[in-house]
Amino acid sequence: GGPVLLRESLGSVRATSTSMSAELKTFDEAVKFISDKDKKPKKTVPNERKLNLYALYKQVKSGDVQGSQPWAIQLEARAKWDAWATKKGMSKEEAEKAYVAEVNSQIKDFEIE
């Protein structure tokens, strides 16, 4: 039983040292964390992941996507609109939970400190 116990205790030590702060629990905490310019990812966050956060945020703040889809030539506006459109019908509460989960996931995946 010795090696298993050792592995478990190392695992918990690694978990606490990697994430300096505890997992974010609320939408407001997650927004505050992401908005903090001092928090820098060690790895590049792909655009899809950034767009997912944007879309969830818009769904929480504004509900379902509004306006008409921007022209394809307007790359950034179109990508944001399309991402937001994927959240159509999601409740504010669901979007808040998904946003918090995505921020926590990005903190781990991209080593944001």
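Colleague: Which element provides the largest share of the lining of the largest pocket?

Modeller: Helix α3 does, with six residues. A pocket is an open set of points on a 1 Å grid over the protein atoms alone, where a 1.4 Å probe fits and protein lies on both sides within 12 Å along at least five of seven lines; lining residues have an atom within 4 Å of a point. This is a predicted model, in which local features need pLDDT of at least 70 and side-chain atom pairs count only at pLDDT 80 or more, while totals for chains, interfaces and linings use all residues. Residues are numbered from 1 along each chain as its sequence is written, and side-chain values use heavy atoms, with hydrogens and water left out.

Colleague: What else makes up the lining of the largest pocket?

Modeller: The lining comprises 21 residues, and Ile34, Val45, Lys50, Leu53 and Gln106 lie nearest the centre of the pocket. Two or more residues each come from α2 (27–35), α3 (47–62), α4 (75–85) and α5 (92–109).

Colleague: How many helices and strands does the protein chain have?

Modeller: The chain has five helices and zero strands, where helices (H or I, at least four residues) and strands (E, at least two) are DSSP runs numbered from the N terminus.

Colleague: How many aromatic pairs are counted?

Modeller: The count is three, where rings of Phe, Tyr and Trp (its six-membered ring) pair if their centres lie within 6.5 Å, and planes under 30 degrees apart are stacked, over 60 edge-to-face and the rest tilted.

Colleague: Why is the pair of Phe27 and Tyr57 called stacked?

Modeller: The ring centres of Phe27 and Tyr57 are 6.0 Å apart and the planes stand at 25°, so the pair is stacked. Phe27 belongs to helix α2 and Tyr57 to helix α3, 30 residues apart, and the pair links distant parts of the chain.

Colleague: Why is Phe27 called buried?

Modeller: Buried means under 20% relative accessible area, exposed over 50%, and partly exposed in between (1.4 Å probe, protein chains only). Phe27 has 7%, and therefore counts as buried. Tyr57, at 31%, is therefore partly exposed.

Colleague: Why is the pair of Tyr57 and Tyr99 called tilted?

Modeller: The ring centres of Tyr57 and Tyr99 lie 6.3 Å apart with planes at 50°, so this pair is tilted. Because Tyr57 is in helix α3 and Tyr99 in helix α5, the pair ties together parts 42 residues apart in sequence. Tyr99, at 4% relative accessibility, is therefore buried.

Colleague: Which residues form one aromatic cluster?

Modeller: Phe27, Tyr57 and Tyr99 form the cluster.
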